[in-house]
Amino acid sequence: MIVPASRRRLVLAAVPAACALLMLSACGSSSDDDDQPMACAELAGMTVPAARIGLPTSGATVTSATVEAAGGTAPKTFGEYCKVMAEIAPVDPAAPKILMQLNLPATWNGKALMLGGGGYNGTIPNVAGNVPAGPADRPNPIGLGYAVFASDSGHQAATDPANPGVFALNQEALRNFSFEALKKTRDAAMYLIDKRYGDGPRRSYFAGGSTGGREALAVTQKWPADFDGAIVLYPAYAAASLDLQFGRITRALAQPGAYPNLAKRQALFDSAVAACDGLDGVADGVISHQAACNASYDPATATLNGQPLRCPGGADTGDSCLSDAQITAMKVIDTPIVFGYPVASGETSYPGFNTWGTDFGRPGTGVQQTVTYLGLNTLQPTTPMPPYLPTGGVPYHSGFWSQWAKYFVTRDPGFDALTLDPQNPGPWQARISELTGLQDINQADLSAFESRGGKILMAHGTSDQLVSTRATQAYYARVQAAMGAARTAGFLRYYEIPGYGHAASTVFNAAWDSLTALDNWVEQGIAPPAQTVADTVGVPGRTRPLCDWPAYPRYRGSGDVNAAASFVCTAP
């Protein structure tokens, strides 16, 4: 329900002095003492003054505010809410507006949640949906009473669907995508939440995966007083550095005979699972001890059904084996790109991927088609670069790289991305360095966020085909080095999810109640107890323990292989 003014006065009276000093963020957003709760319809047409947004804009306007009826199907039920659509106007008249949505439940729990985007953004995330890898057996945040909001990060993908990176030709749009839209959206949302309920939220959280994971880290690094906690899934935090690795991978896959088709990728996957599945103590179709697999598996010497995985003589002789050219390309994915030149973000490399046992795309439909799209898709990279589409196209890495090379780096829509060597970029080196300074969100000292009670839950699937799990490991290690292991453990947890790919998996599709764990940690000071993650696709209903990295779940030697209780987190 809407909090009455009398209750707001009691709440504010109980706020300690330290919170009062941080009222703009730590203990709720700014609030006018005389504000009275407003009806949903009264928000329509309302403006948010530019002065109430922490970065330069021309203000914001509510374009519609409508009451949405309660509904849903158990357990995903939700109550009545006010759906607010708004536009944040740019400073540059040529820049696109930021489009945002804010769902305000009639029965409000006093908290707010911002959702991050994905890829090149350009659309508003499903504000009535779940957090990334959220639980299947609980209501979504809107059903739990959170005021939930998100934006398209300042450009509209529908303007040119074939070129999702074209917005970067405009500098304000580029900066909005990189991180500035996060602050603008959050501040506009806080203003409107205050107007609707007569007060701001007592707690604010951010949840995102991939680009949204980068955005989650961005808000903790750049505006540490704006959010009380963050859920960070498979974060593409060093975005420009990752783009350079995408370029290296694309150029390798574009070599003659180097691109493995779906059947060959199935053969590679099956071979790696056969070799590595039992390294965690049980053959259950999930590689849990990925580090051991990385160290021991080699497709050049591996077997499949008793036969060498490498094609006879290294030539391409059929779909049940890989040629030398294809093995070489897959080993590029497994290895890091090392920059031979300095970049503004300070990064010197980007890691390889957990390639052996990862699903880069196999025959199948439904969720499997999504996995294939986010992996190597169905077409070899070539010139001109075909699109990357869920229904088929070049690898996601390659399409993403082509857009970045054309619209971020060279700003030439006709540029051939395969001609740009990410390790020797020649005349584009300075521009690439500049972009890393803008896009790589890699600050390791999170003291400002931690010192005011901020908490982070971070997780990454070991079979992510699009953002390297090893990169997240490296970032976590940097935070520990910067802040000390004990202090880090006081505000940050990092888990790895065996078998989980990038946002979707047919091996182990993760469902985890991260929001409850985060909220309990922030609100009640209850550090996350042993966490459990469930599978919704591979073997629906099976569970595994979430292990603090670098531990992995090892089978105890007895018990139901589909139950988390049969596994113990074990140091490698």
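Select C40 and C82 to begin, where the two cysteines form a disulfide (a pair of cysteine sulfur atoms within 2.5 Å) with their sulfur atoms 2.0 Å apart. Because C40 belongs to helix α3 (residues 40–43) and C82 to strand β5 (residues 81–88), the pair ties together parts that are 42 residues apart in sequence; helices (H or I, at least four residues) and strands (E, at least two) are DSSP runs, numbered from the N terminus. The link of C40 and C82 is right-handed, with 75° about the S-S bond. C40 counts as buried at 5% relative accessibility, and C82 is buried at 0%, where buried means under 20% relative accessible area, exposed over 50%, and partly exposed in between (1.4 Å probe, protein chains only).

This is a predicted model, in which local features need pLDDT of at least 70 and side-chain atom pairs count only at pLDDT 80 or more, while totals for chains, interfaces and linings use all residues. Residues are numbered from 1 along each chain as its sequence is written, and side-chain values use heavy atoms, with hydrogens and water left out.

Next, select C276 and C293, a disulfide whose sulfur atoms lie 2.1 Å apart. Helix α8 (residues 262–276) holds C276 and helix α9 (residues 290–296) holds C293, so this pair ties together parts 17 residues apart in sequence. Both cysteines, C276 and C293, are buried.

Then move to C547 and C569, a disulfide with its sulfur atoms 2.1 Å apart and a left-handed link, with -85° about the S-S bond. Here C547 is buried at 1% relative accessibility, whereas C569 is partly exposed at 37%.
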